[in-house]
Amino acid sequence: MDRKRLTPDHVKFYQEQGYLIGLPQVFSPDRLKELNEGLAYLRVLLRPGEDPKEIREWHETSGFLYDICMNDTILDYVECLLGPDFFMEGSNFFIKEPHTSPTVGWHQDAYYWPLYPEDSITAWIAFLDSDEENGAMRVVPGSHRAGILKH
Ligand SMILES: O=C(O)CCC(=O)C(=O)O
């Protein structure tokens with residue numbers, strides 16, 4: 001198997017800055033097209049007024065999402081940072097439709113998770129291109145070193 005591992009420089013950067021970005025593409029363009037089709041199908045299942053952001057743990061009932069969460073490359077990346085003994089705590093979507101105003105406020109993920117020590121990784125997977133113009137996620141480099149902050 002062609003395993004994609006993080007380099008020691010990636011690991012050092014992650015430890016210092018608290019995030020990684022621009023890793024080699026995990027999903028091919030064709031696979032991304034399938035992922036977006038799968039998401040569109042799941043959204044059809046929502047009741048009127050239900051926001052996909054409020055739907056959590058879809059991977060427990062959707063094989064399509066389970067396969068994303070169990071992607072070998074993503075799991076290898078996580079293993080490089082956490083070691084081999086880790087588990088998945090949850091999954092959810094942050095969908096930002098064009099010309100809408102919903103935002104995700106500044107937060108630390110570990111603040112919400114019942115984990116101690118707060119040694120956790122979020123794999124943020126963009127189903128579409130994400131940039132400053134269309135609602136990209138932002139991070140505060142190094143803020144993890146301040147511990148859990150008051151929200
Ligand atoms: O996409 C966003 O704006 C926020 C994502 C987020 O908070 C997360 O991935 O934990």
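Modeller: Quick definition before we start: a residue counts as buried if 20 or more other C-beta atoms lie within 10 Å of its own, exposed if 12 or fewer, and partly exposed in between. Keep in mind that this is a predicted model.

Colleague: Okay, so which class does Glu79 fall into: buried, exposed or partly exposed?

Modeller: Glu79 sits in helix α4, residues 72–82. It has 16 C-beta neighbours inside 10 Å, so the class is partly exposed.

Colleague: And how far is the C-alpha of Glu79 from that of Arg5?

Modeller: Along the chain, Glu79 and Arg5 are 74 residues apart.

Colleague: Which residue follows α1, and what is its phi near?

Modeller: Helix α1 runs over residues 8–17 and is hardly covered. The residue after α1 has a positive phi; that is Gly18, near 85 degrees.

Colleague: What radius of gyration does the protein chain have?

Modeller: The chain comes to 5 helices and 0 strands. For 151 residues a compact globule would have a radius near 15 Å, and the chain agrees with that at 16 Å.

Colleague: Last one: how many residues of the shell around the ligand are charged?

Modeller: The ligand is surrounded by Phe94, Val104, Asp109, Thr122, Trp124 and Met137. That shell has 4 nonpolar residues and 1 polar, and the number charged is 1.

Definitions and conventions. Residues are numbered from 1 along each chain as its sequence is written. This is a predicted model: local features need pLDDT of at least 70, side-chain atom pairs count only at pLDDT 80 or more; totals for chains, interfaces and linings use all residues. A residue is near a molecule or strand if its C-beta atom, placed from the backbone, lies within 6 Å of it. Ala, Val, Leu, Ile, Met, Phe, Trp, Tyr, Cys and Pro count as nonpolar, Asp, Glu, Lys and Arg as charged, and the others, Gly among them, as polar. Helices (H or I, at least four residues) and strands (E, at least two) are DSSP runs, numbered from the N terminus. The radius of gyration is taken over C-alpha atoms; the globule rule is 2.2 Å times the number of residues to the power 0.38.
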